[in-house]
Amino acid sequence: MLETVDPRINIIDKRLAGVKRIIAVSGGKGGIGKSLTAAVLALTLSGLGHRVGLLDLDLSAPSTHVILGIEGLYPEEEKGLVPPEVHGIEFMSIVYFSGDNPTPLRGIDISNAMLELLAVTRWGSLDFLIVDTPPGIGDATLDVIRWLKRAEFLVITTSSKVALETVKKVIKMLTELNVPVIGVIENMRRWDSKPVREELKGVPVLGEIGFDDKIEDSIGDVNRLLKTDFAVKIKEIALNISLDEKALLR
Amino acid sequence: MHEWALAEAVIAAVIEESRKEGLKEVTKVKLKIGELQQIETEIFEFALNELGKVQGSVAKMEVEMAVERAVFRCRVCGNEWDLRETPGMSEEETEAIHLAPEVAHAYIRCPSCKSPDFEVLHGRGILIEYIKGR
């Protein structure tokens with residue numbers, strides 16, 4: 001055999017064999033609530049009785065640990081890395097290893113870091129693995145499509161023309177690649193703005209979430225977070241997602 | 001002990017690749033291991049043997065491993081240096097890099113200009129260079 005092979009790629013499917021559904025939370029722009037959605041969706045699905053994992057793949061700017069108030073934890077080393085369970089969620093992030101240090105990663109580094117995490121993380125038996133991805137259609141999203149072949153995308157946007165412009169491209173790319181799209185969530189809605197559902201014809205809009213002033217004060221406090229209007233709306237969406245496995249846009 | 005996880009990946013890849021090549025038995029595999037992975041080669045070899053011996057087609061394969069020196073090049077000033085020349089990393093930092101090698105970018109800076117923007121020229125990841133069999 002002449003070609004070199006990276007064996008880490010071959011083990012990814014086995015590592016995810018016990019996961020029923022993989023949901024990648026994506027979007028066009030930063031600061032629109034992807035990480036918040038991923039974290040609250042994971043908490044909510046767990047609260048509904050599902051077994052849930054949360055994987056933060058925003059490798060240069062991980063933030064789900066901040067949203068969930070996670071600190072002082074480390075994965076257990078047992079023939080790989082076993083993600084710690086926190087708030088009922090199996091949680092994995094590069095932040096365990098990078099700590100407070102800035103971790104500037106270029107494309108090849110992002111792919112390698114992601115590959116390593118996917119190859120060595122030993123998830124338990126899960127109903128849902130929620131994956132927080134960085135914005136846009138860059139390296140991490142392309143690698144999620146390449147390596148997490150069963151991933152369904154949940155796309156977050158605001159009604160801003162700037163966010164919509166990019167999110168349309170994200171959805172177009174996912175559709176072209178035959179990647180399942182669960183639907184779109186419109187976040188930070190101002191009630192006088194034109195609804196996103198009018199702009200994104202043909203794509204299911206799963207919910208419209210108004211701008212929630214209480215969110216910022218709830219960051220890091222799971223109990224307060226789950227009482228916000230944002231979390232209430234995410235719960236409605238989570239119920240739909242958990243019940244409606246077949247209504248995927250392909 | 002993430003050596004076990006990587007050994008499991010190697011066994012799975014060797015079995016899959018040997019099937020593609022139509023091999024019934026794998027006699028030898030050559031691995032290139034990046035120094036940045038900081039793998040304990042004894043544990044890794046033990047794990048490969050333990051995991052391989054219950055898999056018929058790879059049960060008797062010989063494993064040859066070569067550790068490739070980790071060499072970095074600064075994208076800002078062009079300086080090249082290797083992992084051993086990287087000054088003063090703590091045990092915790094070394095352990096973090098062992099478990100997630102790309103976090104080298106969190107702890108290593110160019111010794112010349114202090115930039116974190118460097119590329120890993122050699123010595124990252126793990127590769128199967130060839131498989132021999134019949």
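Me: If two strands count as paired once DSSP finds at least two bridges between them, how many bridges join strand β3 of chain B to β4(B)?
Reply: In this predicted model, three bridges join β3, residues 71–74 of chain B, to β4(B), and the two strands run antiparallel. Within that pairing, R73(B) stands opposite E80(B), which belongs to β4(B).

Me: And what's the strand order of the sheet they sit in?
Reply: The order is β4-β3-β5 in chain B, an open sheet of three strands with antiparallel pairing. From one strand to the next, the twist averages 30°.

Me: Why do β4 and β5 of chain B each have a side without a neighbour in the sheet?
Reply: Both β4 (80–82) and β5 (118–122) stand at the edges with a single partner strand each, so one side of each has no neighbour in the sheet.

Me: Switching to chain A, how many residues of β6 are buried?
Reply: Five of the five residues in strand β6 of chain A, which covers 89–93, are buried, so the strand is mostly covered. I89(A), F91(A) and S93(A) point one way from the strand, while E90(A) and M92(A) point the other way, and all of them are buried.

Me: Which way does β2 of chain A run against β6(A), parallel or antiparallel?
Reply: β2, residues 52–56 of chain A, runs parallel to β6(A), and five bridges join the two.

Me: Positive phi, okay. Which residue of β9 in chain A has one too, although it is not a glycine?
Reply: That is M188(A), with a phi of about 55°, and M188(A) lies in strand β9, residues 181–189 of chain A. For context, most residues other than glycine have a negative phi.

Me: Is M188(A) buried or exposed?
Reply: M188(A) has 21 other C-beta atoms within 10 Å, and the cut-off for buried is 20 or more, so M188(A) counts as buried.

Me: And K114(B), buried or exposed?
Reply: K114(B) is exposed, because 10 other C-beta atoms lie within 10 Å and the limit for exposed is 12 or fewer. K114(B) sits in the loop between α4 (104–107) and β5 of chain B, and its phi, near 70°, is also positive in a residue other than glycine.

Me: Zooming out, what does chain A contain in helices and strands?
Reply: Chain A has 11 helices and 10 strands. Its radius of gyration is 17 Å, close to the 18 Å that the globule rule gives for 250 residues, so chain A is as compact as a globular protein of that length. Of those 250 residues, 50% count as buried.

Key:
Residues numbered from 1 in each chain as written. Chains lettered and ligands numbered in written order. Predicted model: local features only at pLDDT ≥ 70, side-chain atom pairs only at ≥ 80, totals over all residues. Pairing = 2+ DSSP bridges. Helix = DSSP H or I, 4+ residues; strand = E, 2+ residues; numbered from the N terminus. Axes fitted to C-alpha atoms, helices over the stretch in contact; angles between N-to-C directions. Rg over C-alpha atoms; globule rule 2.2 N^0.38 Å.
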